[in-house]
Amino acid sequence: MSDGRDTHDFADTVPGPETGPFHSGFAALVGRPNTGKSTLVNALVGEKVSITSPKPQTTRNRIAGIINGPGCQVVLLDLPGFQKPRDLLTGRMQEAVEATLAEVDLILFMLDASKAIGAGDRFVADSVFAAGTPVIVIVNKIDLVGRGRLLPQLDEASRLGDFRELFPVSALTGEGLEPLLTAIAADLPEGPRYYPEDMVTDQPEAMLVA
Ligand SMILES: Nc1nc2c(ncn2[C@@H]2O[C@H](COP(=O)(O)OP(=O)(O)OP(=O)(O)O)[C@@H](O)[C@H]2O)c(=O)[nH]1
Ligand SMILES: [Mg+2]
């Protein structure tokens with residue numbers, strides 16, 4: 001690829017069979033529009049790591065991508081409709097979002113380092129931190145800001161709720177992505193490979209963990 005992205009061989013950095021048991025699970029990627037969620041998925045689900053970049057539906061959610069490391073499989077879920085203001089969400093959509101956040105193994109909550117943390121972020125944060133699911137906070141686009149602006153932003157991000165870890169990254173340049181992926185893999189429970197490495201199924205509904 002010639003888009004300037006720093007492509008890492010994540011397969012070398014995530015826990016492998018030699019270093020521990022297999023970790024797997026479902027991670028919901030949430031954040032207000034334009035924070036860089038799709039860019040992060042593309043960066044993490046790189047050709048060196050994952051053979052599949054499927055678009056099947058789970059019961060309620062789209063699979064944004066599957067990261068296949070040697071010692072882990074991370075199924076990244078999109079939550080459609082989550083970005084809309086609360087009063088535009090139907091009760092059923094809001095219930096579906098909250099149910100998903102409660103049943104996934106991990107929430108990846110993305111913020112934009114270059115934009116003030118605002119009402120849109122707090123709207124997402126309210127649902128994220130009420131879910132009772134471990135949260136990794138990702139402050140993306142650090143390539144756009146200097147330290148003087150980044151440090152107060154990280155401080156403010158850290159006070160949004162009770163998170164497990166916080167990572168400043170650039171999904172565009174790849175900075176910070178290796179430690180992020182290592183933490184994602186480590187925070188997922190021990191479990192099987194839910195989806196074959198080289199297959200996209202049309203019928204994944206039954207596989208979404210109960
Ligand atoms: N400079 C910089 N730009 C980024 C980074 N990550 C994403 N972008 C840019 O931010 C814009 C939005 O990125 P997306 O990945 O589409 O954001 P998103 O969160 O998926 O947006 P929605 O799907 O609308 O919610 C695009 O122009 C990206 O190129 C980053 O780390 N640094
Ligand atoms: Mg997107």
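**Exercise 1. Work out how the chain of this predicted model is put together, starting from its contacts.**

Let's begin with sequence separation. Among contacts in the chain with a separation of 6 or more, 74% join residues 24 or more positions apart. Next, go through the secondary structure: there are five helices and six strands. Read from the N terminus, the elements follow the order β-α-β-β-α-β-α-β-α-β-α. Finally, look at burial: 50% of the chain's 210 residues count as buried.

**Exercise 2. Find the largest nonpolar core and say which elements supply it.**

Start with the residues. This core has 31 of them, and those with the most contacts inside it are Val30, Leu101, Ile107, Phe109, Leu111 and Val139. Now turn to the elements: at least two core residues each come from β1 (23-30), β2 (62-68), β3 (72-78), α2 (91-103), β4 (106-112), α3 (119-130), β5 (135-140) and α4 (147-158). The largest share, four residues, is supplied by α3.

Setting aside neighbours within four places in sequence, Phe109 touches, among others, Val30, Val124, Val128, Val137 and Leu160.

**Exercise 3. Check the length of α2, then decide which residues of α2 are buried and which are exposed.**

Now for burial, where the cut-off is under 20% relative accessible area. The buried residues of α2 are Gln94, Val97, Thr100 and Leu101. These cover an arc of only 130 degrees around the axis, and therefore lie on the same side of α2. The spacing rule is handy here: an α-helix has 3.6 residues a turn, so residues three or four places apart point the same way. Arg92 and Glu95 are exposed on the other side of α2. What covers the buried residues of α2? The cover includes β1, β4 and α3.

**Exercise 4. Describe the surroundings of ligand 1 and pick out atoms that lie by its oxygen atoms.**

Step one is the list of neighbours: 14 residues surround ligand 1, and the closest are Asn34, Lys37, Ser38, Thr39 and Asp143. Step two is the backbone. A backbone N or O atom of Ser38 is 2.9 Å from an oxygen atom of ligand 1, and one of Leu172 lies 3.3 Å from an oxygen atom of the ligand. Step three is a side chain: an N or O atom in that of Lys141 is 3.0 Å from an oxygen atom of ligand 1.

Technical notes. Residues numbered from 1 in each chain as written. Chains lettered and ligands numbered in written order. Predicted model: local features only at pLDDT ≥ 70, side-chain atom pairs only at ≥ 80, totals over all residues. Heavy atoms only, no water. Core = buried A, V, L, I, M, F, W, Y, C linked by side-chain atoms within 4.5 Å. Buried < 20%, exposed > 50% of the residue type's maximum accessible area, 1.4 Å probe, protein only. Contact = heavy atoms within 4.5 Å. Expected span 1.5 Å × (residues − 1). Arc of directions from axis to C-beta. Near = heavy atom within 4 Å. Polar contact = N/O pair within 3.5 Å; in protein donor to acceptor, adjacent residues only side chain to side chain.
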